[in-house]
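Reader: I am new to reading protein models. Could you take me closely through a single part, and then show me how the rest of the chain compares with it in layout?

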Amino acid sequence: MKRYWADLGASVVVFLVALPLCVGVAVASGVPAELGIVTGVVGGIVVGLLPGSTMQVSGPAAGLTVLVADAVGRHGIQALGVIVLGAGIIQVVLGLARCGRWFRAISPSVVQGMLAGIGLVLIFGQLKHLVVSPVALALGLLTVVIMLLWQRSPLQVVPGMLVGVVVCTALASVFASQVARIEVGELSTDVHLPDFSLLDTGVIGTAVVFALVASAESMFSAAAVDRMHNGPRTQYNKELVAQGVGNTICGLLGALPMTAVIVRSAANVSAGARTKASRVLHGVWLLLFVVLLPGLLTLIPIAVLAAVLVHAGWKLLGLKQVVTLWRTDKAEGAVLVLTAGLIVATDLLTGTVVGLLAAVVKTAWEVSRLSVTVTADGVALKGNATFLRLPRLLDELERVDREHVRMDLSGVRHLDQACGQAIDQWVDESRRAGRTVELVGR
């Protein structure tokens, strides 16, 4: 019985964390606020009941706002349901094909760069709501200050995010009645079946991007959450299927896409959750709120939610981790900066793909390190002889000018076809020139 009370308390905490995030992500994505809560409900109740993870909590994520806003801008909000539905189906297929763990095989610098780029885009995108007037800026700054100070208070069981939103909403109601506020429509109007007549190559491509980014974010979150508790570990393939089922249902409802969200998941663990019941119940509380009290959302100033998202963007930026990585490994830091910079300058897909390519090239260059030493006896090679080091190998071989040459290949861990052919050709030419060549280790 004790663990059920623990799950009940944790579910309330997660609900209080999730509510402003669901609304804020929806508004930042350019869709009705209530659709964010619908995604939170599906993430809590549906994904919460499915096998995969125990402590991880799903819902609309700040990391997807850039993608959603871009998709809505290009294809219209009516196409969002088709895109999310397609992404969900792709995730289910990937999970059934046992691809869950493969999403973890991505360079940490690319992941951090992707999150940093999303964080920067999120921050820049919300500043326009804060600088519209001195009142909006004051409300936003006060919201952030309250959130930061509350983290040091002994009452952290109540999320600082919620405290900031409630306090600043109350102040705005009393002293700033003219400030812009959230508009809330009817669920019966905004929740709708996807329009498959909008399906085209652009929509399909966007669905693939949604699936890959959402899957990667969920798998990264699972790895992080597993380190926070001692309960059952995440079953990655099953979790990927669960995320796909959740996004499929969200697509059918025309709602936002979902991922596993580290902020809600961490709150769930910190609040003492023991079983899946906490995340399921948090979805129930969201459902009751959107059905019974949707009018409360109309009291929240847009500037207050913008401040919440700026704070979320700052956490995604992870400036401390960026500085640490740059100091410890300049090459990895360069990949991170390149990824983040291209995401800000172009779009999420371009930045991430170029970042992945840069990481692959960097790794290929590093693993192809080859030492070519010209000794009194001849030439000694150590390391990995790949085509990337072929120019240097040929330069060193051309320097060899003696009658008897001993080529020691015993220190070579890998010899690819290009370098192998180059060595064979050099040996043949040397022998034709009257030299004696002794090959060792091949």
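Author: Start with helix H17, residues 390-398, in this predicted model. H17 lies across S3, S4 and strand S5 (404-415). Against S3, the helix runs at about 5 degrees.

Now look at the sheet under discussion. The sheet is open and has four strands. Their order is S3-S4-S5-S6, and the pairing is mixed. Which strands stand at the edges? They are S3 and strand S6 (436-440). Each has a single partner strand, so one side of each is left without a neighbour in the sheet. From one strand to the next, the twist averages 15 degrees.

S3 covers residues 370-374, and S4 covers residues 378-385. The two run antiparallel, and five bridges join them. A hairpin of three residues links S3 to S4. Find Val374 and you will see Val379 of S4 opposite. Then find Val372, which stands opposite Leu381 in S4.

Take H4 to begin with, residues 80-96. H4 has 17 residues, which at 1.5 Å a residue should span 24 Å. Its end C-alpha atoms are 24 Å apart, so the span agrees.

The buried ones include Ala303, Val304, Leu305 and Ala306. Further along, His311, Ala312, Gly313 and Leu317 are buried as well. Just after H13, Gly318 takes a positive phi of about 55 degrees.

A word on cysteines. The count of disulfides comes to zero. Cys250 is in no disulfide, and the nearest cysteine sulfur, that of Cys22, is 10 Å away. Is Cys250 buried or exposed? Cys250 is buried, with a relative accessible area of 0%. Cys99 has 22% relative accessibility and counts as partly exposed.

Finally, step back to the whole chain. The chain has 18 helices and six strands. Of its 442 residues, 51% count as buried. Its C-alpha trace spans about 95 × 50 × 45 Å along the principal axes. Consider the contacts with a separation of 6 or more: residues 24 or more positions apart account for 81% of them. The accessible surface comes to about 20,300 Å², and 65% of that belongs to carbon and sulfur atoms.

Note on methods: Residues are numbered from 1 along each chain as its sequence is written. This is a predicted model: local features need pLDDT of at least 70, side-chain atom pairs count only at pLDDT 80 or more; totals for chains, interfaces and linings use all residues. Side-chain values use heavy atoms; hydrogens and water are left out. A disulfide is a pair of cysteine sulfur atoms within 2.5 Å. Buried means under 20% relative accessible area, exposed over 50%, partly exposed in between (1.4 Å probe, protein chains only). Two strands pair if DSSP finds at least two bridges between them. Contact means heavy atoms within 4.5 Å. Accessible areas come from the Shrake-Rupley method with a 1.4 Å probe; for residues, only the protein chains shown count as cover. Axes are lines fitted to C-alpha atoms, for helices over the stretch in contact, and angles run from 0 to 180 degrees between N-to-C directions. The expected span of a helix is 1.5 Å times one less than its number of residues.
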